Number of protein chains: 2
Amino acid sequence: MIERNYVKRISSEELISSVKFNSDGLVPTIIQDRDTSAVLMMAWMNRESLDMTLESGRTWFWSRSRSTLWPKGETSGEIQLVRQVSVDCDGDTLLIEVDQQGGGACHTGSYSCFYRGVEVKGEQAHDGSE
Amino acid sequence: MIERNYVKRISSEELISSVKFNSDGLVPTIIQDRDTSAVLMMAWMNRESLDMTLESGRTWFWSRSRSTLWPKGETSGEIQLVRQVSVDCDGDTLLIEVDQQGGGACHTGSYSCFYRGVEVKGEQAHDGSE
């Protein structure tokens with residue numbers, strides 16, 4: 001589980017008032033597995049889906065392609081039980097830690113949507129760890 | 001360190017051709033600390049900053065407010081050494097695992113930009129872990 005002892009607890013009202021929705025009324029939302037710490041997906045929320053997420057304890061998103069609210073896992077059973085909702089310094093991105101149910105978060109069947117990657121072997125750290 | 005054995009290795013060329021930049025030529029990019037697994041920040045890349053990130057092994061972003069390329073940590077020393085760049089299933093978000101140098105990623109001095117959060121205690125998991 002993620003050590004996140006630098007997070008200051010705020011209320012739902014403070015969170016909501018901190019969010020700066022973009023010109024389409026949306027905010028990008030990163031979903032992270034609380035257990036494995038993997039980043040599972042990124043999706044968009046509007047004000048209503050954020051309210052529904054905080055109230056229901058399950059993730060709700062806004063589908064830009066279908067212009068509709070979208071309850072994650074409604075058909076697949078791969079719902080996300082919400083544990084923490086954080087907002088970034090300038091209020092334009094959310095991070096939600098979840099207990100992912102089912103096999104994963106991706107519609108392709110992958111555990112995470114980020115299943116293709118390039119390894120970069122560049123400069124090494126100078127912190128004594130190398 | 002994150003267990004990410006579900007990631008399929010692709011080439012830089014495959015990665016770049018998989019990315020769908022938005023109508024402004026940008027893609028949201030999540031930065032994760034490879035060591036602690038914390039999500040540090042989200043920023044935007046254009047094609048040029050992605051190229052520069054892959055070539056230099058350090059993160060470069062596009063500043064939407066200043067309309068300029070932006071090398072992370074140039075002035076603060078809090079550079080990010082890139083270890084893996086992943087693209088999501090539909091190509092519209094990047095995830096970069098880094099070795100964060102210095103005290104953290106946030107311009108406020110916080111380790112992560114996501115330092116304010118609401119704890120949500122809702123439904124419990126049905127996977128036997130509770």
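Across the interface of chain A and chain B, four salt bridges are found, a salt bridge being a side-chain nitrogen of Lys or Arg within 4 Å of a carboxyl oxygen of Asp or Glu. In one of them, the side chains of E119(A) and R9(B) meet at 3.1 Å, N to O.

This is a predicted model, in which local features need pLDDT of at least 70 and side-chain atom pairs count only at pLDDT 80 or more, whereas totals for chains, interfaces and linings use all residues. Residues are numbered from 1 along each chain as its sequence is written, chains are lettered from A in the order in which they are written, and side-chain values use heavy atoms, with hydrogens and water left out.

With contact taken as heavy atoms within 4.5 Å, 58 residues of chain A touch 59 residues of chain B. The two chains bury about 4,900 Å² between them, 55% of it on carbon and sulfur atoms, where buried area is the accessible area (1.4 Å probe) that two parts lose on being put together, summed over both.

| Class | Residues of chain A |
|---|---|
| Nonpolar (Ala, Val, Leu, Ile, Met, Phe, Trp, Tyr, Cys, Pro) | 26 residues |
| Polar (the others, Gly among them) | 18 residues |
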